[in-house]
Amino acid sequence: MSDTVSIAVRPAGPGRSWRSRLRALYLRSEALRGYTLLSPTLVVMAFAMVAPFTILVAMSFWTQTGFDIDTTLTLRNYQEAADAPVYRALLIRSLWISGTCAVLTVLFSYPMAYYVAFHVHRRKLVWIILMTLPFWTSYLLRVFSWKVILGYNGAINSGLKSLGLIEQPLEFLLYSPTAIVITLAHAWAAFAILPIYVSLEKIDRSLLEAAADLGDGPVARFLRVTLPLSLPGVIAASLLIFIPTVGDYITPTLVGGPDGIMIANLIQVQFGRVNDWPMGATLAILMMIVVGLISVTYIWLSRKAIERIA
Amino acid sequence: MKSATYIERLNRPLRTYAFLFLAFLYVPVLFLPLFSFNDSLYISFPLKAFTTKWYAQMFADQPMHAALMNSLKVGVATAVFATILGVFGAKAVTRYRIPGRKPVVFTIMLPLVIPGIIMGVALLMLVSRLGIPLSLYTVTLGHVLISVPFAMAILIARFEGFDKSMEEAAADLGDNAWWTFWRVTFPIVFPGILASLLLTFTISFDEFIMAFFLSGTDPTLPIYIWSQLRFPKKLPGVLALGSVILVVSFVVVFASQWLRGRGAARISDESSEP
């Protein structure tokens, strides 16, 4: 907010000190003033990101010896992570679950976003708020409510039983990767709807009219105009779901069961029961690298695909 | 509207789908309040008698009160710090042509896409290497970090929405920087600030993963709930508590989103007037 103090600048004179010169330079440079204003936010955020990640990387090259941490640099954790098949298996399962979840959530959210973008004319704001509202409420409680629904004696099983439709509880409902996918899709729907909605809303309606005037029917119009133009939103939505869900450990713990343990559960126990922080750091970094590589490849491939369509 | 006749005409199947989708979003959550009034230790159909005893039990629960106070403290502190940082950042990137604007905004928004567990364990390692004991302060640090992107996003939209010349006019008429901010900028961005305060408070209040790694002996409310989930006898009390939290969160978030949306609508109305 120091941008309008310029009124107080003294007239230039030969005896001007270096301080007022600096000050004049500062006031003339928009970039400098902008960065001054930005600095508290940037410094806090940069510190709160760079410092922890530096420690994270350093820690992954250290080793746990009893209750102490040996700070000699070694690749032992990475060696161990590469050798033990359980880490790879859990990572692949996590990627598989999150990938399925991202695809399904985007598929189911697209028509919803499309409806609000094209067919809601009044009270659009209310619709947008309604679609995103659950997302802001407690993640833990939303996952927990699925445990209440899918449980062995949960709402679905006990409801069907009291209606006389089933004799024994359906076991596939809870404690399976399917339960994780359903729960995650519910929890992250807002992250899919919003980017898709924004990209649909941005489409110039006259392009659709032009397509219609040139003889395209509704399906051709959708496939040739709407869908290609909304792809950036679809890509953003799938990544916004895929990346954070790979690292989820609450959902697998509450509804996943033994077949639903994910890589993040393994990371979490390194900081709890197992108490091997360096191994936890190594696994966290490996997970980030794999997720990062997949995301970059995905973006690159979809850019190519969009270019080909265009 | 010509387009409404053949492109944007009512599509019944799509509308049905939209309502089903909303049901999918809301119905699961409604099971918590439903079973919280059920007079049974077990969460299952058929429902037994109506009762409010789980709510009475919850209100009498002293550790819950302590956890609630902890969450309120952390939430208020997070909301204030994140919003202040958001105001600085949003004003800087919208009011000044600064080189490297894109990477800067990207850096600040990064916590949005990093899995929570990674941020959590990385911060845990940092504070433990620095010898800082885990406390509500470390939880607040984590919460500010994940809340700033949301505060920035709300406030950038708000700052972009209004005319820079109003600030310039105030400065030309002799207001200094602080007066310009208080008399011109602040009233205009106020709905955005309020929305940001409410939303970042809710994020912190409901946040679990950062608090899981960064809290010491004082639990926040979600951590307290997590610790209760292990005891089947405590489940109905958790349902009651969860229902209260859900209702309060819904009201606060609806208020914040409504303020934000209405504020944006009013700005565009004003600017479109001749």
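At what angle do the axes of helix α9 and helix α10 of chain A cross? This is a predicted model, in which local features need pLDDT of at least 70 and side-chain atom pairs count only at pLDDT 80 or more, while totals for chains, interfaces and linings use all residues. Residues are numbered from 1 along each chain as its sequence is written, chains are lettered from A, and side-chain values use heavy atoms, without hydrogens or water.

Let's begin with the helix pair. The axes (lines fitted to C-alpha atoms over the stretch in contact, with angles from 0 to 180 degrees between N-to-C directions) of α9(A), residues 205–213, and α10(A), residues 218–246, come within 10 Å and cross at roughly 160°. That makes α9(A) roughly antiparallel to α10(A), a label for angles over 145 degrees. Helices here are DSSP runs of H or I with at least four residues, numbered from the N terminus.

Now look at the side chains. From α9(A), Leu207(A), Leu208(A), Ala211(A) and Ala212(A) make the contact with Arg221(A), Val225(A), Thr226(A) and Leu229(A) of α10(A); contact means heavy atoms within 4.5 Å.

Stepping back to the whole chain, the domain assignment (automatic or from a database) gives domain 1 (2–60) and domain 2 (77–309) of chain A. Five residues of domain 1 of chain A are in contact with nine of domain 2 of chain A. Between these domains about 540 Å² is buried, 78% of it from carbon and sulfur atoms; buried area is the accessible area (1.4 Å probe) that two parts lose on being put together, summed over both. On the domain 1 side, Leu56(A), Met59(A) and Ser60(A) supply 86% of the area buried against domain 2 of chain A.

Terms used:
Helix = DSSP H or I, 4+ residues; strand = E, 2+ residues; numbered from the N terminus. Parallel < 35°, antiparallel > 145°, perpendicular 65-115°, else oblique.
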